[in-house]
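Here is a short report on one protein chain. It takes the salt bridges first, then the backbone, then the overall fold.

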Amino acid sequence: MVKLRLKRCGRKQLATYRIVAINVESRREGKALQEVGFYDPMKDQTYSNVPAILHFLEKGAQPTETVHDILEKAGIFKKFQTNL
């Protein structure tokens with residue numbers, strides 16, 4: 001099963017995260033299937049590759065709770081509902 005989750009990067013005390021599509025059995029820093037976004041909590045900036053995220057959601061990928069909140073804030077789930 002595929003999940004959309006955060007992959008930590010950056011340095012100590014200044015973490016940034018990549019939103020990745022990854023197999024459930026892989027560890028957090030494991031090899032991702034595809035990087036589909038970026039989240040910087042310090043600047044509260046988000047970059048999302050919307051077509052790639054919608055592709056994985058249509059294929060049955062489950063976002064984690066944190067990624068779900070980030071995508072909902074960006075309005076991606078409204079686009080996902082209209083594509084169904």
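Glu35 is partly exposed, with 41% relative accessible area. This is a predicted model. The side chain of Glu35 forms a salt bridge with that of Arg18, at 3.5 Å from N to O. Glu35 belongs to strand S3 (residues 34-40) and Arg18 to strand S2 (residues 14-23), so the bridge ties together parts 17 residues apart in sequence. Arg18 is partly exposed too, at 33% relative accessible area.

**Salt bridges**

How many salt bridges are there? The count is two. Lys73 and Asp44 also meet in a salt bridge, at 3.3 Å from N to O. Their pair links distant parts of the chain, 29 residues apart. Lys73 is in helix H2 (residues 65-74), while Asp44 sits in the loop between S3 and strand S4 (45-48). Lys73 counts as exposed, at 66% relative accessibility. Asp44 is partly exposed, with a relative accessible area of 46%. Side chains of opposite charge can pair when their charged atoms come close.

| Glu35 and Arg18 | 3.5 Å | 17 residues |

The protein carries 15 positive and 9 negative side chains. The centres of these two sets lie 7 Å apart.

**Backbone: positive phi**

Most residues other than glycine have a negative phi. Asp44 is not a glycine, yet it has a positive phi of about 55°. Its place is the loop between S3 and S4. Which residues does Asp44 contact, leaving aside its neighbours within four places in sequence? They are Tyr39 and Lys73.

Gln13 is found in the loop between strand S1 (2-11) and S2. Is Gln13 buried or exposed? Gln13 is exposed, because its relative accessible area is 68% and the cut-off for exposed is over 50%. Asp44, at 46%, counts as partly exposed.

Helix H1 covers residues 50-58. Which of its residues are buried? Ala52, Ile53, Leu54, Phe56 and Leu57 are. An α-helix has 3.6 residues a turn, so residues three or four places apart point the same way.

Ala61 lies in the loop between H1 and strand S5 (62-63). Ala61 is buried, with a relative accessible area of 6%. Not counting residues up to four places away in sequence, Ala61 touches Val2, Leu4 and Phe56. Phe56 is one of the buried residues of H1. Ala61 and Ser26 are 35 residues apart in sequence. In space, their C-alpha atoms are 14 Å apart.

**Overall fold**

The protein has three helices and five strands. Along the sequence they follow the pattern β-β-β-β-α-β-α-α.

How does the radius of gyration fit a compact globule? With 84 residues, such a globule would have a radius of gyration near 12 Å. The protein has 12 Å, which agrees. Along the principal axes, the C-alpha atoms fill a box of roughly 40 × 30 × 20 Å.

Of the 84 residues, 37% count as buried. The accessible surface comes to about 5700 Å². Carbon and sulfur atoms hold 48% of that surface.

Among contacts with a separation of 6 or more, 32% are between residues 24 or more positions apart.

Note on methods
Residues are numbered from 1 along each chain as its sequence is written. This is a predicted model: local features need pLDDT of at least 70, side-chain atom pairs count only at pLDDT 80 or more; totals for chains, interfaces and linings use all residues. Side-chain values use heavy atoms; hydrogens and water are left out. Buried means under 20% relative accessible area, exposed over 50%, partly exposed in between (1.4 Å probe, protein chains only). Helices (H or I, at least four residues) and strands (E, at least two) are DSSP runs, numbered from the N terminus. A salt bridge is a side-chain nitrogen of Lys or Arg within 4 Å of a carboxyl oxygen of Asp or Glu. The radius of gyration is taken over C-alpha atoms; the globule rule is 2.2 Å times the number of residues to the power 0.38. Contact means heavy atoms within 4.5 Å. Accessible areas come from the Shrake-Rupley method with a 1.4 Å probe; for residues, only the protein chains shown count as cover. Lys and Arg count as positive and Asp and Glu as negative; His and the chain ends are not counted. The place of a charge is taken as NZ of Lys, CZ of Arg, CG of Asp or CD of Glu.
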